[in-house]
Amino acid sequence: PPQLVDEVEEKEPPVVNIKYEELPDLPNINFNNETDCRGVMNRLINYLRTIEVTELHMSAGSRPFIRYRGKIVKFGDVLAPEMAEKLNLSLLSLGRREQLRREQEINISLEIGGMRYRCNFLYHTMGLSGTYTFVPNELRSLTELGFLANSLSGIEDLLDYQSGLILVSSPHHGGKTTTINSMIDWMNNNRQDHIIMLEIGRAHV
């Protein structure tokens with residue numbers, strides 16, 4: 001299949017096997033039909049998940065781009081403000097649209113085709129931007145995340161304490177949510193406690 005590697009933010013771009021026939025033909029979409037817009041977004045998101053993309057960005061005034069193995073890859077044409085707004089809003093309920101217009105930014109979780117996505121919608125000077133983070137179906141253990149044995153034992157000791165505070169920090173898309181959910185999964189399997197999660201845009205259930 002053809003490879004999409006243009007305008008990547010590194011000297012040696014990652015090879016991403018994208019089948020162009022699987023991508024929606026955005027210039028020929030009827031953007032006055034909300035059902036068509038929703039179908040385009042569902043088709044695009046479902047296809048990108050099959051090639052293990054972890055993020056999709058659809059922003060007015062910019063080409064759509066994906067995050068693949070930590071690298072940014074752009075595709076398609078620049079999204080006009082009206083196009084970006086109708087595509088992103090097509091996935092939101094009327095209540096969420098009203099909230100977005102009122103607050104200008106929201107963080108929510110969406111379920112599309114039985115899969116979960118953590119989403120940010122934001123109005124900026126060019127129009128509306130939508131970021132879709134693909135949530136894995138299965139939680140990975142702390143070992144699978146790459147923690148070495150000497151570090152893992154210390155983390156498990158912390159997770160076994162009856163009180164305290166653990167801070168998990170990193171740059172954007174650095175694995176905070178993934179790490180926290182793996183830690184909570186360890187607690188679920190090794191402790192008999194009730195766990196209450198407070199999260200804006202719940203990723204895992």
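Which backbone oxygen does the side chain of R63 reach? It's the one of G76, at 2.8 Å. Keep in mind that this is a predicted model, so treat the distances and areas here as computed from it.

Let's stay with R63 for a moment. You'll find R63 in the loop between strand 1 and strand 2. Is R63 buried or exposed? R63 is buried, because its relative accessibility is 16% and the cut-off for buried is under 20%. Now look at F75, which sits in the loop between strand 3 (71-74) and helix 2. F75 is 12 residues away from R63 in sequence, and the two C-alpha atoms are 6.4 Å apart in space. F75 is buried too, because its relative accessible area is 6%. Here are the two loop residues again:

| Residue | Relative accessibility |
|---|---|
| R63 | 16% |
| F75 | 6% |

F75 also turns up on the contact list of L56. Leaving aside neighbours within four places in sequence, L56 is in contact with L44, I45, L48, F65, I66, F75, G130, T131, Y132 and F134.

That brings us to the core. The largest nonpolar core has 37 residues, and L56 is one of those touching the most other members, along with I45, L48, L87, F121 and Y132. Which elements give two or more residues to this core? They are helix 1 (34-50), strand 1 (55-59), strand 2 (65-68), helix 2 (81-89), strand 4 (105-112), strand 5 (115-124) and strand 6 (127-134). Helix 1 provides the largest share, seven residues. Apart from this core lies another one, of six residues, including L142, L152, M183 and W186. As a general point, nonpolar side chains in soluble globular proteins tend to be buried together.

Next, helix 2. Its buried residues are M83, A84, L87, N88 and L89. What do they pack against? Their partners are helix 1, strand 1, helix 3 (94-103), strand 5 and strand 6.

Finally, a pair of helices. Helix 4 (residues 149-160) and helix 5 (residues 176-190) pack at an angle of about 65°, and their axes are 10 Å apart. The crossing is right-handed. Where they meet, helix 4 brings E156, L159 and D160, while helix 5 brings M183, W186 and M187. In this contact, four residues are nonpolar, none are polar and two are charged.

Conventions. Residues numbered from 1 in each chain as written. Predicted model: local features only at pLDDT ≥ 70, side-chain atom pairs only at ≥ 80, totals over all residues. Heavy atoms only, no water. Core = buried A, V, L, I, M, F, W, Y, C linked by side-chain atoms within 4.5 Å. Buried < 20%, exposed > 50% of the residue type's maximum accessible area, 1.4 Å probe, protein only. Helix = DSSP H or I, 4+ residues; strand = E, 2+ residues; numbered from the N terminus. Contact = heavy atoms within 4.5 Å. Polar contact = N/O pair within 3.5 Å; in protein donor to acceptor, adjacent residues only side chain to side chain. Axes fitted to C-alpha atoms, helices over the stretch in contact; angles between N-to-C directions. Left-handed = near helix turned anticlockwise from the far one by under 90°. Nonpolar A, V, L, I, M, F, W, Y, C, P; charged D, E, K, R; others polar.
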